[in-house]
Structure formats: structure tokens, C-alpha cells
Amino acid sequence: MIQRSQLDLRKFVAPEFVCGHGALQLAGRYARNLGMKQVLLVTDPGVRAAGWAEAVGESLTEAGISFTVFDSISVNPRSRQVMSGKEVYLSEECTGIVAVGGGSPMDCAKGIGIASSNMQDILAFEGVDRVPVPAPPLICIPTTAGSSADVSQFAIITDEERKRKIAIVSKALVPDISLLDPEPLTTMPRDLTVDTGMDTLSHAIEAYVSNASSPMTDVHALEAIRLVRSALPAALEEPEDLNLRFSTLLASLHAGLAFSNASLGAVHAMAHSLGGAYDLAHGRCNALLLEHVIAANYEAAADRYDRIGAILGNGPDERTPPAEGVAAFRKTLGITETLAEIGVREDAIPALAHGAYADPCMVTNPRNLACEDIERIYEHAL
Ligand SMILES: [Fe+2]
């Protein structure tokens, strides 16, 4: 059991952010305020096809700012993609970055920023507080509601050589400003809405039970869980409803403020290992691991998990065990598969567990897990 005290020293880092309908159109104004003259507009082909990169580009043009688009980014952004973006940033003599997209473009943009300012390979920054030189100005405009890269001090990059994701955690990765507009969310396909929503839920739950949680992060974590529970299923039913989409965006914002400052736990450590080895969607990995990690962690933070169960349950009198509540919730969203069904093999588990054990997110898990414990959790999820 972890002994927490509200007198424990904690700090809270957050970017400036503007949220509401039309926030995206403020990109040009804020880029000018930040002194950007030549922008690297970082996005991906899907976001570009949906028209959101073009909309941001128009805002920059109206403000008299020229830009170069960099969209050679995949799901689970690769270290090589970051380094290609850095080359473009430097060759175009850019003075700032605007990222528009989900977690992949935003994480890649963060990576391009610190690789450019430090003139170093992105893999050199793995771990906590290992970025010596601050990044150039960065504006984030999320088009999904889940990664919270728009408010967090995290970037997750795939090391292609070692087939694993590295976590970079630094204040240098907090954007200068984030523009949170519900409209881009309306073009998200159903699966992406589900996966990013489960990422939000995982952020909030892991931050709430983290051994670095605090009263400041608790309030955001609990509100995020409440909002996901109430708004995500409804947003799937009415994907073009701006109010529902905005509630999912708020959930992501709250969860991001919580986990950026309280860090995460075994779900993310294990999802990073899984996503790096199999190139799977991050939110889906979390969704398939979350209830099994809760079951393994429960005794180490029982009161906190019970509170989560009460929010996920069906009413004030009906107490739902948290692992069961999460399992029931993901099933209502249509996530019914197992790790084996998405291609994970039993003989891969020792290596996956080894990777998860070394992930920085494991440090704040409420229970100390040995490699063998992590293997058992993967086995349960298989
Ligand atoms: Fe995540």
C-alpha cells in the first residue's frame, strides 16, 4: 500500500490552451504572437485528406506566415521520420512548428523540435529530463481526443532498430499553446474514436492510482473518467455532435493534465512494449491490457480503484469492481478481442515483459511488478 500525503512536494506543468469551437482558426494569430516567420506544419496524410491541415495553413497564410508541410509520418512515429522532419526544419530555416493531428504527428513534431534545437539524434533523449536545450515554439492542434500530447510533457517514438517505443519526458516537450477545437474530431472514424477514448480512460486511471499523484492531478483524473464514461458512447452514436465531441476533448484535456504531472503505470509500460514490437494502435493495446493490470494492482491502491469502479458503475448504489467495470465498458464500445486474436504470440511474452519492465512509466505504477508478474498479466490478456 502506498502512503501518500498531500504535503508531498509536487509540481504541475501545463501549456497555455484555448478551447472551444473555432480554436483551430487562431493558429495564424498565435504563430505570429510566438514570433514564427517560417513554420513547419507537421501532420499526416489522413489529417491532410480530411482538410484540417489545409484549414490551419489558410490561417497561417492569412496571418502572413509562410509554411512547409511535413506529413511523412506513420501511426507510431518512427525515429527516422523524426530525423527526416528535423532535416526539413533546418533546410527550410523554420522558426517554429505547428502540429495538427493525433498523437503521432504531435509526438513527431515534439521530436523534431528537440532534435533540431539540440542537433542530436532523437533516441538520445530517452528517459526523464534529458533534453538540455529548449525546443523552438510549438503550437498543437489535436484532431483526436486521447493522446493528450497537446498538453503533456511526453513524446513516444518508435526505435525501429530495436522494435520498441521510447518514452521521452521533459518540460521541453510541453507545447507553447494548444488549440482545442471539437470540429476536427467529427471526421474521426469509429475505431479511432474508440481507441483514443480508451487511451484517455487509461491515462486518467493510471494517473489517479500513480504513486506520484497529488490533489491537483486527482481532480483532473476523476473528471476525465466521468466524462469518458458519459460522453464517449454517446459520441459514437452521434459522431457529428459538437457538444459530445467537445466533452471527449475535455476528457482528454483533463486526463492529459493529470498524467503529464502524475505520470502513468504498467498499462502504458506494457502497451509501449506491445506497440513497439507489433506496430499496433496504442489505444487498442491499452484497452486490452487495462482490466488485467487493474486486477494485478488492485490491492496496492484499493480505495482509489474502488472510486474508479463507482464512477464506471451504473448508479450510485451499484458498486462495480473496477476491472469488471472497465471490461464491461470496453465491450459496450465493441472491443471484444484478445491479444492473441490481434496476433500476439505466447512465446513473445518474455521479451515484451522485459521491455515493459524497463519503461519509465513503470516507475509510478502503484505496485512494484517483477518481470514474472508482468509476464502473468500479458498471459491473462492473451
Ligand atoms: Fe496513452
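Residues are numbered from 1 along each chain as its sequence is written. In this predicted model, local features need pLDDT of at least 70, side-chain atom pairs count only at pLDDT 80 or more, and totals for chains, interfaces and linings use all residues, while side-chain values use heavy atoms, with hydrogens and water left out.

Me: How many residues are in the largest nonpolar core?
Reply: A nonpolar core is a set of buried Ala, Val, Leu, Ile, Met, Phe, Trp, Tyr and Cys residues joined through side-chain atoms within 4.5 Å. Buried means under 20% relative accessible area (1.4 Å probe, protein chains only). In the largest such core, L201, I205, L274, L289 and Y378 touch the most other members, and the number of residues is 60.

Me: Where does the largest pocket lie?
Reply: On a 1 Å grid over the protein atoms alone, a pocket is an open set of points where a 1.4 Å probe fits, with protein on both sides within 12 Å along at least five of seven lines; lining residues have an atom within 4 Å of a point. The largest pocket has 43 lining residues, and G102, G103, S104, L192 and T196 are nearest its centre. Domain 1 (16-184) and domain 2 (188-381), with bounds from an automatic or database domain assignment, both contribute to this lining, so the largest pocket lies between domain 1 and domain 2.

Me: Which residues lie nearest the centre of the second largest pocket?
Reply: Both domain 1 and domain 2 give residues to the lining of the second largest pocket, so this pocket lies between them. Of its 18 lining residues, those nearest the centre are V128, Q153, V169, S260 and S263.

Key:
Buried < 20%, exposed > 50% of the residue type's maximum accessible area, 1.4 Å probe, protein only.
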